[in-house]
Amino acid sequence: QTSFMSISGVCVEFATRFIAVFESEPLHLVELVKELRGRLAKPNVEAKTAPKGKNSSVDTAHAPAPTVSSSHSNATAGGASSPPSTSFNNLHIIYQVDDIATRGTALWTHLDATSVTESKAAAAGAAATPLNDQVVKAVHNMLALGAHSQTLSSKAMREQFSTGAATTHAKLLPPQSIVEACIKSDLCLTLAEYLKIFAMLPTVDRDKELRSEER
């Protein structure tokens with residue numbers, strides 16, 4: 001849970017891994033990443049990984065500006081959690097998208113997949129697909145699960161869906177292997193790298209700029 005109540009999205013939690021899609025204003029996503037970084041079990045041992053990718057709705061690598069705007073951003077994170085899942089051993093920003101006119105979710109949906117196990121054959125099949133394509137598919141499927149949850153009329157029905165989706169909607173759940181692949185790849189940002197890019201104002205040498213303009 002987070003104190004930033006304007007954040008919506010979907011989280012799929014496996015036994016020791018999770019993947020989540022967060023939707024909010026760009027500034028709130030930056031603040032969320034700061035909060036998550038504070039909950040890292042070992043904040044000084046963030047694995048080296050570097051980023052890239054940007055798309056127009058739900059696609060591959062987010063970059064929200066550190067200012068509040070009328071548009072929304074969508075960020076996908078994945079990592080390793082240690083029970084209770086309020087702390088993390090490792091956490092990466094997998095993907096981010098800016099300028100989303102309408103959020104795909106209005107509520108926060110948590111899906112319990114702690115009992116799910118992935119066969120070696122399924123993991124090998126997923127590994128044969130380019131990681132970017134796996135991420136895009138996972139995000140779309142997770143948002144579809146979140147949208148379905150929002151159609152349920154009562155809190156009790158949503159809770160039942162949350163605990164039973166691993167069985168009733170198994171085909172839409174992202175494979176656990178995608179989280180492992182993202183953590184090991186060089187396509188994702190550590191939280192420190194994300195904050196360095198999106199939470200810090202750029203250094204501007206005004207005198208140097210003026211000299212350039214005079215020429």
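Q: Which residues does Cys-11 touch, once residues up to four places away in sequence are not counted?

A: Contact means heavy atoms within 4.5 Å. In this predicted model, Cys-11 touches Phe-18, Ile-19, Ala-20, Trp-108, Thr-109, His-110 and Leu-111, with residues up to four places away in sequence not counted. The place of Cys-11 is in strand E1, residues 8-13, where helices (H or I, at least four residues) and strands (E, at least two) are DSSP runs numbered from the N terminus. Cys-11 and Met-142 are 131 residues apart in sequence, and their C-alpha atoms are 8.0 Å apart in space.

Q: What should I keep in mind about the numbering and the model?

A: Residues are numbered from 1 along each chain as its sequence is written, and side-chain values use heavy atoms, with hydrogens and water left out. Because this is a predicted model, local features need pLDDT of at least 70 and side-chain atom pairs count only at pLDDT 80 or more, while totals for chains, interfaces and linings use all residues.

Q: Is Cys-11 buried or exposed?

A: Buried means under 20% relative accessible area, exposed means over 50%, and partly exposed lies in between, with a 1.4 Å probe and protein chains only. Cys-11 has a relative accessible area of 9%, so Cys-11 is buried. In the chain as a whole, buried residues make up 43% of the 215 residues.

Q: How many helices and strands are there in the chain, and what pattern does the chain follow?

A: The chain has seven helices and six strands, and, read along the sequence, these follow the pattern β-β-α-β-β-β-α-α-α-α-β-α-α. Of the contacts in the chain with a separation of 6 or more, 79% are accounted for by residues 24 or more positions apart.

Q: How are two packed helices described, and at what angle do H1 and H6 pack?

A: Two packed helices are described by the angle between their axes and the distance between the axes. The axes are lines fitted to C-alpha atoms, for helices over the stretch in contact, and angles run from 0 to 180 degrees between N-to-C directions. Helix H1 (residues 26-38) and helix H6 (residues 191-198) pack at an angle of about 150°, with their axes 10 Å apart. On the H1 side, Leu-29, Val-30, Val-33, Lys-34, Leu-36 and Arg-37 meet Leu-191, Ala-192, Tyr-194, Leu-195 and Phe-198 in H6. These residues divide into nine nonpolar, no polar and two charged, where Ala, Val, Leu, Ile, Met, Phe, Trp, Tyr, Cys and Pro count as nonpolar, Asp, Glu, Lys and Arg as charged, and the others, Gly among them, as polar.

Q: At roughly what angle do the axes of H3 and H5 cross?

A: The axes of helix H3 (residues 131-151) and helix H5 (residues 176-184) come within 11 Å and cross at roughly 130°. That makes H3 oblique to H5, since angles under 35 degrees count as roughly parallel, over 145 as roughly antiparallel, 65 to 115 as roughly perpendicular and the rest as oblique. The contact is made by Leu-131, Gln-134, Val-135 and Ala-138 of H3, together with Ile-178, Ala-181 and Cys-182 of H5. By class, this contact has six nonpolar, one polar and no charged residues.

Q: With which residues is Leu-131 in contact, leaving aside its neighbours within four places in sequence?

A: With those neighbours left aside, Leu-131 is in contact with Ile-178, Ala-181, Cys-182, Ser-185 and Leu-187. Leu-131 counts as buried, because its relative accessibility is 17%.
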